Structure formats: C-alpha cells, structure tokens
There are 2 protein chains.
Amino acid sequence: MTQTNRQILLVSRPQGAVTPDNFKLVETPLGALGPGQVRVRNHYLSLDPYMRGRMSDAKSYAEPQPLNEVMIGGTVGEVVESNHPAFAVGDKVVGALGWQEYGTSDGVGLHKVDDTHVPLSAYLGVVGMPGVTAWYGLNKIIAPRAGQTIVVSAASGAVGGVVGQLAKLAGCRAVGIAGGPDKCRYVVETLGFDACVDYKAGNLYPDLKAATPDGIDGYFENVGGEVLNATLARMNAFGRIALCGMIAGYNGEPTPITQPSILLRSRLLVQGFIILEHLDVWPEALRELGGLVAQKKLQYRETISQGLESAPEAFMGLLTGKNFGKQLVKLI
Amino acid sequence: MTQTNRQILLVSRPQGAVTPDNFKLVETPLGALGPGQVRVRNHYLSLDPYMRGRMSDAKSYAEPQPLNEVMIGGTVGEVVESNHPAFAVGDKVVGALGWQEYGTSDGVGLHKVDDTHVPLSAYLGVVGMPGVTAWYGLNKIIAPRAGQTIVVSAASGAVGGVVGQLAKLAGCRAVGIAGGPDKCRYVVETLGFDACVDYKAGNLYPDLKAATPDGIDGYFENVGGEVLNATLARMNAFGRIALCGMIAGYNGEPTPITQPSILLRSRLLVQGFIILEHLDVWPEALRELGGLVAQKKLQYRETISQGLESAPEAFMGLLTGKNFGKQLVKLI
C-alpha cells in the first residue's frame, strides 16, 4: 500500500512580512525506504524565529532555505520503519525533518530521546535548541553572579523563560520583558521571575527602570529594536549582553542603536551567537535541563496548533508575538 | 624666592563643542614643599580625547573634572625638589599632574622613567597610556591571528598607529582609517600599514571595501559614528571589535548604529574598555612597547604645541582631528 506524505514547501520569499502564499501544501507518495534509512512519523514540528532568516536569500550565517523544498525545522516523532541498525520501530527521536508528516533520514542528526520523565514535545523546547540557547547565552556569555540583575526579552518564550529561571537558580534577580499583562503575569507567577515589564504598555523605559533599581548586569536579547535601546540605557558597568535574536528587524525594518556610546561608557560586552555553532556544550546543557524538567524545577508553556496545514499561520503568529511559550505544531 | 606656577583651570562645562572660555590661565605662587612631597617641573602635557568626557558632568565611568581646578592630564617632567625617599632631584617621571608648569605630588601615581633609549615624550604616547591602550585592545580583545585583516580608525593617532604596527608584527593585514591624504600617506609609508582609507574623501564604504577584500576580522574603534557603521558592514563572522573611543559623539550628537542585526548575523564580539581599569597588563605592555621603540620597530609621530597657554587650542584641535599623531604641549 502506497502511503501519502503531506509536506509544506517554501515557494516564494517574503517581501517584508511573511504571507500564507509563501508556502504551499503538497501531497507526495512515500517512496520505499532505502538501505541505511529510517522513516519517522513526526509528532510535533518546532516553529522558531530563526526560520524567518532562512526564508530570505540575504547574506546570512546559514544558507537560505531553497525554494520549492520542504520547510526546514526541528521535529520529534516516532520511528515507523527502519533499515538503520541504530534505530528501531517505536524509538522516539528528535531531529530536523522539516514541515512534513513523515521524514526520511540516513540517521545523521537524528537522536533517540527518552520520554519517560520528559514529555516528547519538551525536546523541541526547554530540553532542545531553545533551552540550550538559553543555557549557553546565560552561562557562557552573561556568566551571572549571585545578586546581579539579569534581564531577558521575550521572557515568556521558549528561550526567555529558561534564561530567567536559570538566572533565579543562580541567585540573581530575574526581570523579564514581554508583551501584554497575561504574559507578564505568567512570567512572574508561573516562571518565578522577580518582575516583568510589559513593553506594550507604552511606558517601557520608566517601567524597566522601576524593575531594575540596581541597573542591569546581564541582558539576554531575543528581540532587538526599542527594547534593546531601553535596556542599554540601564546597563551597569561591565555588563554583558548575549545577542540571540533580532526578531524586530527580520522584516527589513532595522531599528538603530541610538546611543552606542553607552557601550564604551559602561565597558559593555556584546556577543552575538548561534547555538548550532556551539555543539560542544549541548550534552552538558541538555543533561542539566533534562534533569531540571524531570525534577519540575523548570516550568515551560507551549502553544500548540493542530495539523500540518496550520503551520504557516502559526509561524506568522510567532513572528508577531501571538504565541505564548514554545510554538509547536501537533501532527498526530 | 617665591616661585610662580602657571596653571590652566576648567571654569565652565562645554555646551556642545569645547570653547576657549571653558578654560582660564592663572598664576599662583608655589608653596613650600611638605613632608613626603615631590615637586616636578613638567616638560610635556599629554592631550587625550578622554578629557572631553571628564569636562562634562554626565554620568560616566569617571568622576567629572571639578570646576575651578587644574585640568587633569598626563605629564612627563623632571623632579626639581623632593622630600620623598623614592625620588631625587633630576629624576625623570611620568604622572598625571595636569595642565600646569609645576606639579606637587605625594608620589602616588608617579613613576620614574629612563630616557636613555626612549625619548621622554614617548612615555606619554607609544610607551604610555595610548600605547598600552593599543596593546590591550589588540591583544586582549581582538586577539589577532596571522593572515587576518585588522582595521583601526584614527590610524595616524597615538593609539591607532600602534594598533596597526602591532597587527603587522603579528602577521596580519593592517588597514587604517584616517582623515586626509597626508595622514593616509603617513600611515602606509611611515607606519607600514597595508592600506589606509581617507574617510574625508567622501567614499568611505566603497574605499573600505576595496581595502579589505577578505572582510574585517578585528576592528579597533577610536572614533564611532559613520566609520563604525561602515566597518560593521564589512565584519566577517566571529569578528571582534575593541571599543576604545567614540570621539564623534563627545559633542552630544550621537550617531546611531544603523544595522545592529549585523552583530548577531556575524556573531560579533564588541567589548568597550578603559585602559586604567586593566592595570595588571601595564608592566608587560610597557616592557614590550619600550623594547620595540628602543629597537626602532615602532614608529610614531607627535604634534607639539608650545607653551602652557597653547593647551586649550591644541585640545580643541585634537577633538576635530587637527593633530597628526600624539598631541603634546611642550612646557620647557
């Protein structure tokens, strides 16, 4: 019996904002599995801001997503057929099989995971790339010391939520920046941050100042734009900024850093990073994050859209901040 | 016989550009030397861009220069009277005795120097704070590797000239940015840089691109403003920027960083620094720099104005790029 795979292709590059017609849903027959290959039924797709960069063909750290091919992206699922000695039917695996119901892999980049104590979807979030991103930026760039004030933007998101919780575990004051009272309440009440500033309330700098009475020692940047300018103005001497995301600029509207002299005046360190270039830290980070999730010491939240066909709209929502926590697409 | 000291005081804070009436020349009698004190006849005053920051009372890394007191600044001179066991009449000393003909010190911050192989004035430049600034930013932040391209702004200046020459000694391609054909010719022909871009020629970005065919791996920033924006656009992945000066912004006209996303896209490191906070490196740096000067492996140039009364105008010239190499005031 020939099975059918459903896939979403990128068929055009966005001019400004991403639109539904950048994508196309297609049905394709699943071919026979070749030698050494493994077939995975994807359970969840991960949607992440970095995908927006890959959709453009501007010069970047990574090759652009090719047109008329399956959209890239992280996935978790279950092995349904295997000609590969390392994978058996029923294995749960995390990988980057893209926006499709079935992925076929030679095993490279596919990792078995244990969902006994950690839910499968968490391997795309808090115990996956977003979690490791948070862990690296906080521990390797910001290097917080107890008593310092650490601020993170997009604080209710998959990365930001982990940054603040790890900062709290390190004995710091954790302050989030998020959009809207619901997200801010979640950041404080569920994630345990000391404070959260609602950047949509129209009072960003005064609110941030009030939330950081001792200034800011470390800033984890997921957003860019005006939030970065407000935070820079509160940085203490020798502050460190881990630059992880510039979502505000992805649609081609760069927001300048208006007062660059603060970088010198406060002797700041700014370090941009891409977590896939720091694979050496992944095992240590994942071990620590998985342990914290299993012990319920790390909270997280997911926004789950249903069905492959919902992925484009969910992705557009992610880029405009409509998600709440890690954005996933559930396929099964 | 009562001797007279001549001093220049800061009597008002600049509103925008520095003007002559921010300063006042006064004559004061020299009092008797107290116990443990040493009196120095200053031979040279050092004029440096950081002084502009101290003239303002805006929040900064250092206390502002108080009004109606002698302008701060580095000096070299000769001990003319001493009640201090570590200093004898005739000793040559470097210190920070300010804009005056005679300085009186308790010895703290005063260091004996040897002018047998290194000219006295060099201790205010290439073998002084500017030289150590260059050494630190290049070696400790940029950390160049042979074959990389290192760019420095204000390349004909006291700091910039040393940065490029040390980069050449490290096997790098050294590219300067300076104002005008004379400075650029000096940077290439006398200092031995591989190329120099004249930012006044009105073609900054294309000229910089032509001079850095392989992009830029390390940038030593003395200037800020449009030069920083042009350089950022040429930075290679994992580039390092040592942020030492933002002279373009000192008059209260900040120039934004227009495309901050490059910081993330190229995973750049930016580190602001103040050399007085890194006293641990001074002995090693000064030893190396002094050795290179004595061996004639490090070239430098000085612009010397004559007499204490010339200091304000020379300082204003420094801030607008009129000097050529290290700006000094010769008192004797």
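Analyst: In this predicted model, about 2,500 Å² is buried between chain A and chain B, and carbon and sulfur atoms give 65% of that area. Buried area here is the accessible area (1.4 Å probe) that two parts lose on being put together, summed over both. Chain A brings 28 residues to the contact and chain B brings 28 residues, where contact means heavy atoms within 4.5 Å.

Chain A is superposed on chain B by a rotation of 180° with 0.0 Å of shift along its axis, at an RMSD of 0.0 Å. The two copies are thus related as by a two-fold rotation axis. The same surface serves both of them, since 100% of the contact residues of chain A recur in chain B. The superposition is by least squares on the C-alpha atoms of residues with pLDDT of at least 70 in both copies.

Two salt bridges are found across the interface of chain A and chain B, a salt bridge being a side-chain nitrogen of Lys or Arg within 4 Å of a carboxyl oxygen of Asp or Glu. One salt bridge joins the side chains of B:R267 and A:E277, with 2.3 Å from N to O. Ten residue pairs, both members at pLDDT 80 or more, are in polar contact between chain A and chain B. A polar contact is a pair of N or O atoms within 3.5 Å; within protein, one must be able to donate a hydrogen and the other to accept it, and residues adjacent in sequence count only if both atoms are side-chain atoms.

On the side of chain A that touches chain B, the elements giving two or more residues are β13 (235-243), α7 (261-265) and β14 (269-272) of chain A. Helices (H or I, at least four residues) and strands (E, at least two) are DSSP runs, numbered from the N terminus. Strand β14 of chain A also runs antiparallel to strand β14 (residues 269-272) of chain B, and three bridges join them. Within this pairing, A:V270 has B:V270 as its bridge partner. Two strands pair if DSSP finds at least two bridges between them.

Residues are numbered from 1 along each chain as its sequence is written, and chains are lettered from A and ligands numbered from 1 in the order in which they are written. Local features need pLDDT of at least 70, side-chain atom pairs count only at pLDDT 80 or more, and totals for chains, interfaces and linings use all residues, while side-chain values use heavy atoms, with hydrogens and water left out.
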